[in-house]
Amino acid sequence: RPAPTDKKHFETLDTLLPDGSITWSNQRMKLFSQERTLKESVAFAKLRENSPPLVDPKGVEAFEALLKFLKEKGVSVYLVKPPFNPQYYDRLQGSPYAEGLTRIEALIQRIADDHKLPVFGGYNPHPLGCTPAMYIDAEHANDKCLQKIFDQYMAIRDKGGVK
């Protein structure tokens, strides 16, 4: 039965960790084969390719107000773009979705510049070195891929670029 525990790995129980991440059970991990991941990535790309992501201007305005508030309170904020599975990302190139993603990235960079915020990661998994084996589907990377984003942060932090 679900209950608090310090144990992180179980045969049949998925574990919700204090940071909000999930450690999948051994049983569920067997479902996340590379064949399944490819199938999921291809299907999701087909579903999304002609539907570019939309931006709600009021949402952007509210987000920027939040950033201003946090800065006024002395909170350090970092923007992170999580990388997509390369199988998914590559299939979308040249599509309306990819064009929309380019606009999203430009918006994120504009917000980062305006608020003097560092940006880590990237939707393109290739510069980070994330491979299909690091994903369970089109979007959800494992700790090995996500560590590459933390490595970017650490490299800049070690040079005195972030606190």
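Leaving aside neighbours within four places in sequence, Glu49 is in contact with Leu92, Ser95, Pro96 and Tyr97, where contact means heavy atoms within 4.5 Å. The model is predicted, so that local features need pLDDT of at least 70 and side-chain atom pairs count only at pLDDT 80 or more, whereas totals for chains, interfaces and linings use all residues. Residues are numbered from 1 along each chain as its sequence is written, and side-chain values use heavy atoms, with hydrogens and water left out.

Glu49 lies in the loop between helix H2 (34-48) and helix H3 (57-72), helices (H or I, at least four residues) and strands (E, at least two) being DSSP runs numbered from the N terminus. With a relative accessible area of 27%, Glu49 is partly exposed; buried means under 20% relative accessible area, exposed over 50%, and partly exposed in between (1.4 Å probe, protein chains only). The C-alpha atoms of Glu49 and Ile136, which are 87 residues apart along the chain, are separated by 20 Å.

The chain has 6 helices and 4 strands, which follow the pattern β-β-α-α-α-β-α-α-β-α when read along the sequence. Of its 163 residues, 31% count as buried, and among contacts between residues at least 6 apart in sequence, 68% join residues at least 24 apart. The C-alpha atoms fill a box of roughly 45 × 40 × 35 Å, taken along the principal axes.

By the rule that a side-chain nitrogen of Lys or Arg lies within 4 Å of a carboxyl oxygen of Asp or Glu, the count comes to 6 salt bridges. The side chains of Glu139 and Arg48 meet in one of these (3.9 Å, N to O), and this pair links distant parts of the chain, with Glu139 in the loop between strand E4 (119-121) and helix H6 (143-158) and Arg48 in helix H2, 91 residues apart. Glu139 is partly exposed at a relative accessible area of 32%, as is Arg48 at 23%.

A salt bridge also joins the side chains of Glu105 and Lys81 (3.7 Å, N to O); Glu105 belongs to helix H5 (residues 96-115) and Lys81 to strand E3 (residues 79-81), 24 residues apart. Glu105 is partly exposed, with a relative accessible area of 24%, whereas Lys81, at 12%, is buried. The side chains of Asp158 and Arg157 likewise meet in a salt bridge (3.2 Å, N to O), in which Asp158 counts as exposed at 56% relative accessibility and Arg157 as partly exposed at 34%.
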